[in-house]
Amino acid sequence: MTTLFINIKELIQVRELSEDKVYGKDMGILPIIKNAFMLIKGHTIIDFGSMDNLSLKKTDKVVDLTGKLVLPTWCDSHTHIVYADSREDEFVDRIKGLSYHEIAEKGGGILNSAKKLQDKTEDQLYKDAVTRIEEIIKSGTGALEIKSGYGLTLDSELKMLQVIKKLKETFPIPIKATFLGAHAIPSKYKENREEYIELIINNIIPEVASQKLADYIDVFCEKGYFSAEETDCILKAGAIHGLIPKIHVNQFNSVGGVKVGVNNNALSVDHLEVLTDEDLSILSKSDTMPVALPSCSFFLGIPYTNARKIIDSNVPLALATDFNPGSTPSGNMNFVVSLACIKLKMTPEEAINAATMNAAYALNLSEKIGSITRGKLANFMITKSIKSYNFLPYNFGSNSIERIYLNGIEY
Ligand code: NIG
Ligand code: FE
């Protein structure tokens, strides 16, 4: 089955397969073809170009996109979308002045979510996650990472990862699973944290790996959670089982997580609301992708990642949602792209590059998604009739996406 899209006002993010990420000044360049055509066959993009160069070939279907823009679907490389329940009571506590840490200390936070998850069946967790994923696909997300980390026991971590496995089989988008057993120290181990870390290293990681339930490993490297040394040990234990690190670092404090991540060949280091010159210098010499999560900063009222400093230092940057019930109850990548422009002072070109090309890199999916490229999956979105791609972040809070194609099929 071939489908030819014609009269595309702007075909956005047109790349060669050899390009896997953009950094520094190049992030300000978004390659586009005006008045374009695009040809897809089955699941794949096979050709595109200017309408002036379209030689009429026989195709099964022709779709006229006059006035509309086409761009690759967003890639969301950091979510905690499998969870038991919302936490709006903590949201109200925060409005009244409590901090994320104070809320955690009075029984909220990650341990609150972990407690609620123990009582949920796999089926309930699955159904709720399906509803959330259906919603984010409609807002343009075409690839996704999902973390465990609200289990914090062998059984519950496995339960979460089984749910993610089922979600991978359910949806027509690539989904990657990350094991985040080191998300918080469970109350039971408060006085004996080494015991929990040993449990992760000696029992949970080997079991997760033997059941092939995770692609990546994550640690919340932060004061009050896991130190840089502990993070290093956990990542090394994961590496023995082939788990690649994608870690939470520098959300509130820089405690050495960037260095540990880079030294352990992390695919990405995420959050970075706090960033030292040393962290930046380490990142600039690495293949690790920094990931900013601006809707988390927005929701918690904490500083935004210094995207200008990162990009102006010739380092790449990706964007993701961090969708979770505590710090970011939203999986809307359009809002993330808007916030990146408004709060991180990224240009629309930089933000779109960060949410597509660089986000695909942070998922290790550059060969399949993240750009309009011959041979990549036909995962793309068609906008409403809008003047330019600048309208997407400008029109924040509204949906400018009209149609979504995944694997060449309209969703
Ligand atoms: O990325 N920082 C650690 N983990 C999540 C928040 C988890 C929660 O509060 O439930 C985050 O913000
Ligand atoms: Fe997170």
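This tour visits the two ligands of a predicted model. Residues are numbered from 1 along each chain as written, chains are lettered from A and ligands numbered from 1 in the order written. Local features need pLDDT of at least 70, side-chain atom pairs need 80 or more, totals for chains, interfaces and linings use all residues, and side-chain values use heavy atoms, without hydrogens and water.

Select ligand 1. Show the 15 residues around it (a heavy atom within 4 Å). Arg87, Tyr100, Tyr150, Gln251 and Ser327 come nearest. By class, this shell holds 4 nonpolar, 9 polar and 2 charged residues; Tyr counts as nonpolar, Gly as polar and Arg as charged.

Zoom in on the polar contacts (N or O pairs within 3.5 Å). A polar side-chain atom of Tyr100 lies 2.6 Å from a ligand 1 oxygen. Tyr150 also places one at 2.6 Å from an oxygen of ligand 1. For Ser327, the distance to a ligand 1 oxygen is 2.6 Å.

Now select ligand 2, the iron ion. Its protein donors (N, O or S within 2.8 Å) are His78 (NE2), His80 (NE2), His248 (NE2) and Asp322 (OD), at 2.1 to 2.2 Å. Their spacing along the chain is H-x1-H-x167-H-x73-D. Finish on His80 and Asp322, 242 residues apart.

Definitions and conventions
Polar contact = N/O pair within 3.5 Å; in protein donor to acceptor, adjacent residues only side chain to side chain. Donors = N, O, S within 2.8 Å, 3.2 Å for Na, K, Ca; no water. Helix = DSSP H or I, 4+ residues; strand = E, 2+ residues; numbered from the N terminus.
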